[in-house]
Amino acid sequence: MTLLSVNNISKTYRKTKKRAVSDVSFKVNAGDIVAFLGPNGAGKTTTLKIILNLVSPDKGSIFFDGKDITNNNLFLLKNTGVLLEGSKNMFWALSPMENFIYWGGQRGLSKKEAKKRGEELLKTFGLLDKKYTSITMLSRGMQQIIGICCAMIAKPRLLILDEPTLGLDINATQIMTNSLRLLSKSGVGILITTHQLDFAQEVANKILLINHGKLVFSDSVKDSLERLNKRIIFEVAFSRTLTAKEVEKLLIYCEELKKTDKIYRLSGREKTKLTEILKMLSELPVIKIETVTRGLDEIFKYYIGRNNDD
Amino acid sequence: MTSFKAELWRQFYLYKRYTFNYISDFFLLILMFMAIFWGGSLVGGGVLGKSLNALVVGYVLWSLIQNTISQMGTTVMNNAKSGILEQQYLMPISSKRLFLNKSIVNIIVSLAQAILILIVVMFFTNHWIKFPPVMIIPFLLALVVTVGLGYLIVSLVLRFKRIGSTLIIFQYIYLGVLLINFENYNDITKYLSCLLPICPMVSWMRLAINNKPYNIAFYFGGSLFNAILWVLIGLFVFRLTDKYVKKNGTLSLY
């Protein structure tokens, strides 16, 4: 079921004449975790702000659960939890519980309901003992988690998180990853912007890549990684510099990318069998061989590099 | 209603966390009121006379309005700076409602503070002011104007971001305007004064507290017109500003 549908939205800022977003379209289904990636200034935050009606689009439309919310997004906001730019969604002088009561109240929860939900969230993230500590006294990572808890306080159907892993250590990031997966399993649609490609690859099932305001890539993470890793790639270290004849022999079976005189990145040519490559390599002075799995960073480099060169 | 209650709780938690600071503020205000009261009594031998009560009430009203409006401006400025304002715009209530909640909470807090101060001052000076019951009408209408002015101040913050100095200038200009006894001027001036925020209400309260004869229909009509006018102006300007910041994406820029 499609939760959020963004159709051909564009925005040019009048003062700077900068086209921040150009004809961007995508969908977030219930249970999806969509990673929205792109370099700084690519248009990610503007797109999110247009969805949230903090910025009006010049053209395009946005639908939530089948309803047009382009000009009146109260329906979207009722069902959406948002964390914009780190942990700025909190009153720093108040404690996590006091923040939950405030933000829960703004979303229609009574004080009792907000406290109960807040305790559940703090328990999930292992921060129950910090419920009455002022936000300013918490570490950067804890503040970020509390910010996310505030966004999740009213059990939203859609969660929009701008850089949710900013300042989180490995443990907290893992807890976050697990929590997002749990939420996604329960049918919550999640849209995340992040610069951490490994986190995006681990948690998301779809990726959107934006550059210079245009959506340059959109696919499921599984499919794109499968396509990317269709051919076997090896990184091979040799004990000496290869002769011209040896390189020639190598190129019969492999396409090569020479990294240094002694290290080569090889990818098998189409229809070449793995056994043939291994047999050929056994005749060369190999000291180390590793298979290389390509990740989202390769897609990112390919599309962002190409577009930035244009 | 939960959003209003949440705003009230937030204010309460802040008072609880910074109790010492708020108590200090409270004593400072009491000292200021005492100074005004005794200063007024000294001068009042011939000049102020019976209008001493009016002076105290006028000052209470001014400080109430001033606290409410400047608190609103400062809070919204700080919230814009920290990013909270943007987050508040993402709540499922309209921005109009959001700032109405804030205004009402500010009014409640400032009103409680002003009443408490007045009681303390009257107790220490043993000068008990008798308030004619009719005063409640201009007083409530003045609070309605405060809501309209609150929207204007928020609009200024959203449009120009830093308006700290403007708030101070506004405070003194307004004190000057409130001290003018428009009720003693000719009819044209009296009518024109109905256009200035809260002026007809203050004139009405001054006349009532000094037991002077006055045209109740004129002051009621003028005050009602004034309240409606300033709420409409506030809402209209706020609506334009809200559109402007969304069109230009400047809500979070500080």
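Predicted model: local features only at pLDDT ≥ 70, side-chain atom pairs only at ≥ 80, totals over all residues.
Residues are numbered from 1 along each chain as its sequence is written, and chains are lettered from A and ligands numbered from 1 in the order in which they are written.

**Chain A overall**

- Along the principal axes, the C-alpha atoms of chain A fill a box of roughly 75 × 45 × 35 Å.
- Of the 310 residues of chain A, 41% count as buried, a residue being buried if 20 or more other C-beta atoms lie within 10 Å of its own, exposed if 12 or fewer, and partly exposed in between, with C-beta atoms placed from the backbone.
- Two residues are in contact if their C-beta atoms, placed from the backbone, lie within 7 Å; among contacts in chain A between residues at least 6 apart in sequence, 69% join residues at least 24 apart.

**Nonpolar cores**

- A nonpolar core is a set of buried Ala, Val, Leu, Ile, Met, Phe, Trp, Tyr and Cys residues joined through C-beta atoms within 7 Å. The largest one has 134 residues, of which A:V34, A:C149, A:I153, A:A204, A:I207, B:A142 and B:V154 touch the most other members.
- Helix α6(B) gives the most to this core, with 14 residues.
- A second, separate core has six residues, among them A:V236, A:C254, A:L266 and A:I277.
- Setting aside residues up to four places away in sequence, A:I153 touches A:F100, A:W103, A:G104, A:R107, A:L109, A:A114, A:R117 and A:G118.

**Helix packing**

- Two packed helices are described by the angle between their axes and the distance between the axes. Here axes are lines fitted to C-alpha atoms, for helices over the stretch in contact, and angles run from 0 to 180 degrees between N-to-C directions.
- In chain B, helix α6 (residues 136-160) and helix α10 (residues 216-248) pack at an angle of about 20° with their axes 8 Å apart, which makes α6(B) roughly parallel to α10(B). Angles under 35 degrees count as roughly parallel, over 145 as roughly antiparallel, 65 to 115 as roughly perpendicular and the rest as oblique.
- The crossing of α6(B) and α10(B) is left-handed, a term used if the near helix is turned anticlockwise from the far one by less than a right angle, with right-handed used if clockwise.
- The contact of α6(B) with α10(B) has 22 nonpolar, seven polar and one charged residues, where Ala, Val, Leu, Ile, Met, Phe, Trp, Tyr, Cys and Pro count as nonpolar, Asp, Glu, Lys and Arg as charged, and the others, Gly among them, as polar.
- In chain A, the axes of helix α3 (residues 96-106) and helix α5 (residues 140-152) come within 9 Å and cross at roughly 25°, and the two helices are therefore roughly parallel to each other.
- The crossing of α3(A) and α5(A) is right-handed; A:P96, A:N99, A:F100 and A:W103 of α3(A) make the contact with A:I146, A:C149 and A:C150 of α5(A), and by class this contact has six nonpolar, one polar and no charged residues.

**Contact between chains A and B**

- The contact takes 31 residues from chain A and 24 residues from chain B.
- On the side of chain B that touches chain A, α1 (2-17), α4 (84-88) and α10 each supply at least two residues, and the largest share, nine residues, comes from α1(B).
- By class, that side of chain B has 11 nonpolar, seven polar and six charged residues.

**Individual residues**

- B:M201, found in helix α9 (residues 199-209) of chain B, counts as buried because 28 C-beta neighbours lie inside 10 Å. Not counting residues up to four places away in sequence, B:M201 touches B:P138, B:L141, B:A142, B:S223 and B:N226.
- B:I198 is found in the loop between α8 (187-193) and α9 of chain B, and its phi is near 70°, a positive value in a residue other than glycine.
- A:N53, in the loop between α1 (44-51) and β4 (59-64) of chain A, has a positive phi of about 65° although it is not a glycine.
- A:D58 lies in the loop between α1 and β4 of chain A and is partly exposed, with 16 other C-beta atoms within 10 Å.

Methods
Helix = DSSP H or I, 4+ residues; strand = E, 2+ residues; numbered from the N terminus.
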